[in-house]
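Dear colleague,

I am passing on the structure we spoke about, and my notes follow below it. Please bear in mind while reading that this is a predicted model.

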Amino acid sequence: MTPYIFACIAVLAIASGQILFKTVALKLVGRPLSEALTDTSVLIPFFLAATIYAGATVFWILALRDLSLSRGYLFMAASFVIVPVISSLLFDERLSLGFLAGVALIITGMIVTQTT
């Protein structure tokens, strides 16, 4: 696999982990943490997110074997697009016009930096 594929997998995994962390956070609303520590509906998505983050780290390291950090790190900007879009679909979070303009800038920046 190319380092770019590893980087993309890492970004998608990070985004998935963030969505699971938000799921956990919503399950904690109005509950004491001590109660949540025994609830499998909280623990399962939490440990799944942590495991996904661990896997993302492995893919990120694989990407960095053959990719400079300065070039590769720009892929992480994709998570600033992916996570809010998914959260708007799953959690009814609103995306403003300013956000959409920012997304366009991020995507443009990624294209420019990866093609020079």
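M110 touches L74, F75, A77 and A78, when residues up to four places away in sequence are not counted. M110 also belongs to the largest nonpolar core, which has 11 residues in all and takes in F6, A7, A10, V11, W60, A63, F75, M76, A77 and A78 besides. As a general remark, nonpolar side chains tend to be buried together in soluble globular proteins.

Turning to T113, this residue lies in helix 6 and, because its relative accessibility is 28%, it counts as partly exposed. The C-alpha atoms of T113 and S70 are separated by 9.8 Å, although the two residues are 43 residues apart along the chain.

Next come the helix pairs. Helix 5 and helix 6 (residues 97-115) pack at an angle of about 145 degrees, their axes being 10 Å apart, and helix 5 passes helix 6 in a left-handed crossing. On the side of helix 5 the residues that meet helix 6 are F80, V81, P84 and V85, and their partners in helix 6 are F99, V103 and I106; by class, this contact has 7 nonpolar residues, with no polar and no charged ones.

Helix 1 (residues 3-28) packs against helix 5 (residues 79-91) at an angle of about 40 degrees, with the axes 9 Å apart, which means that helix 1 is oblique to helix 5. The crossing of helix 1 past helix 5 is right-handed. Helix 1 contributes V11, L12, A15, Q18, I19, K22, T23 and L26 to the contact, while helix 5 contributes S79, I82, V83, I86, S87, L90 and F91. The residues of this contact divide into 10 nonpolar, 4 polar and 1 charged.

With best wishes

Definitions and conventions: Residues numbered from 1 in each chain as written. Predicted model: local features only at pLDDT ≥ 70, side-chain atom pairs only at ≥ 80, totals over all residues. Heavy atoms only, no water. Axes fitted to C-alpha atoms, helices over the stretch in contact; angles between N-to-C directions. Helix = DSSP H or I, 4+ residues; strand = E, 2+ residues; numbered from the N terminus. Parallel < 35°, antiparallel > 145°, perpendicular 65-115°, else oblique. Left-handed = near helix turned anticlockwise from the far one by under 90°. Contact = heavy atoms within 4.5 Å. Nonpolar A, V, L, I, M, F, W, Y, C, P; charged D, E, K, R; others polar. Core = buried A, V, L, I, M, F, W, Y, C linked by side-chain atoms within 4.5 Å. Buried < 20%, exposed > 50% of the residue type's maximum accessible area, 1.4 Å probe, protein only.
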